[in-house]
Amino acid sequence: MRRLLLKSTIFYFLLLSTFFNAQNSQYVEKLRQKLSSNSKLFISNIDKAYLQINPLLAESRKLKDSFSEMKLLDRKCRYFYSKNLMDSLIVSSETLEIKSKEYQDVYYEAMANVYLAETYSINKFHDRAILYLNTAYDILQKDQSKSKKIFYAKANILNSYSNIYLDINQPRNAAKKILEEISSGKELKNPEEYANFQYLNYSNLANVYIQYNVDSADYYVKKSIDLRPKDLPYEKAMVSNHIVLGEVLKSRGDFKNSISNFHKALFFSHKNGIDLNKNLIYSALQEIYAKTGNKDSSDYYQQKLKQLDLNMLESKYNSLQKVIEKEKIEDKRKNSYKIILWVFSLIILLGVFGYFISKYKRKSKTFEDFNLHETYSQLINLVKNKDDSFLFSFENIFPQFSSNLLKINPDLQQSEIEFCALLKLKLTTKEIAQYTFIETRTVQNKKYRLRKKLDIPQNEDIYQFIDNI
């Protein structure tokens, strides 16, 4: 009787186990669908995608889905790299490394070392960065599956070697590594996959060649654009391509088209949330506007560049602290000479950081610290000068303005949003007519149509309504 009871109990628990496993499998499938959606969003809007990562991570751990957990941890690393947040990157890279060892996943263990190499290289520990890349490559060599995942990881390592050569001002060696990566593409037999792979490589190569060979940069950036997948939204590679085109045209004196490309790079960088290489864009625009006598725009981008440099310096300082702390833990048995050097470097960087901040506070204010009158004056000057950067500059200061307007009426045209921006600046009917070269009657008609489209009551001041958006 007892044995029969035992068998019945075992059968019952096996049944329950099968039921819960089936349920768990359904939840995992739903999670992976969310993961796939997040992956697509990560390309089009990196900031929105990042907001989903931590909740998805919690879900993956609850379901014990190591596949999803590793992908999300890697995605966090890519986010911090794209945002130039090196202090956060080193922490997330270490987490990825620990988890990859726990799950015995050589791909993500290698990628963790690649991210750590990038952090060390940016902090000018280039020898150490090379060691991390060598470690990453050795880890991948253990995998005998010859899977595409491992192939792409090896390609990432070559790309990181190239980044380190750029950091130490050796662009020719950087180009050799990218050309090596391009050559490795022959392993891809699918024509579409091969084209997508080389689309990114040609973009990276153009970004290297712009350092010393403008004609080659022009050639490869156009090859990259020709290969761009038609269904792919504008992402990091196209931002880089517009920067390279802007530099090529700037070097040839075609400032109008150069500015247009830099503004496209800024627009898509802002839209996607990618901060990588923004300093190059600001610097180039500041230089062009200074050359062409457009002082307001030149001053504006100079302020943006200073603000960005300050933010990058702060992130770099924080990541340097973490790098040094990591080295202290890992190298306790090594001689103290290197530690002294690192601490000394930290003290120097801290001094430079303090000096930069104090000098910056004394001699100039960041654009965000300007009072409202000065901010509006700069924007109005852009309107007066018919500067193409007006709307971009306006949206940098009022980032939610366009989206809030579109929530009220999704059918608003871009020209109507720009007109609302002029109202936000409190420009009178006469001033709008004067600055935009249209009749005052036309301005009044535009105001009337906006009232209808935005459903503004007749007894409410249109300026007050727009100001509250």
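## Cores, helices and salt bridges

Student: Is C420 buried or exposed?
Tutor: Keep in mind that this is a predicted model. Buried means under 20% relative accessible area. C420 has a relative accessibility of 0%, so C420 counts as buried.

Student: How many disulfides does a search of the whole structure find?
Tutor: A disulfide needs two cysteine sulfur atoms within 2.5 Å. Searching the whole structure for such pairs gives a count of zero.

Student: Which element gives the largest share of the largest nonpolar core?
Tutor: That core has 46 residues, and L89, L96, L133 and I157 touch the most other members. The elements giving two or more residues to this core include α4 (86–102), α5 (106–122) and α6 (126–141). The largest share is ten residues, and the element they come from is α5.

Student: Leaving aside neighbours within four places in sequence, which residues is L133 in contact with?
Tutor: L133 is one of the residues that touch the most other members of the core. With those sequence neighbours set aside, the contacts of L133 are V114, A117, I157, S160, Y161 and I164.

Student: How far apart are the end C-alpha atoms of helix α12?
Tutor: Helix α12 covers residues 255–272, which makes 18 residues. At 1.5 Å a residue, the helix should span 26 Å. The distance between its end C-alpha atoms agrees with that, at 25 Å.

Student: Which residue forms a salt bridge with E97?
Tutor: Side chains of opposite charge can pair when their charged atoms come close. With the closest N and O atoms 3.9 Å apart, the partner of E97 is K101.

Student: What is the N to O distance in the salt bridge of K295 and D299?
Tutor: K295 and D299 both lie in helix α14, four residues apart. An α-helix has 3.6 residues a turn, so residues three or four places apart point the same way. K295 is exposed at 58%, and D299 is partly exposed at 23%. Their side chains meet with an N to O distance of 2.7 Å.

How values were computed: Residues are numbered from 1 along each chain as its sequence is written. This is a predicted model: local features need pLDDT of at least 70, side-chain atom pairs count only at pLDDT 80 or more; totals for chains, interfaces and linings use all residues. Side-chain values use heavy atoms; hydrogens and water are left out. Buried means under 20% relative accessible area, exposed over 50%, partly exposed in between (1.4 Å probe, protein chains only). The expected span of a helix is 1.5 Å times one less than its number of residues. A nonpolar core is a set of buried Ala, Val, Leu, Ile, Met, Phe, Trp, Tyr and Cys residues joined through side-chain atoms within 4.5 Å. Contact means heavy atoms within 4.5 Å. A salt bridge is a side-chain nitrogen of Lys or Arg within 4 Å of a carboxyl oxygen of Asp or Glu.
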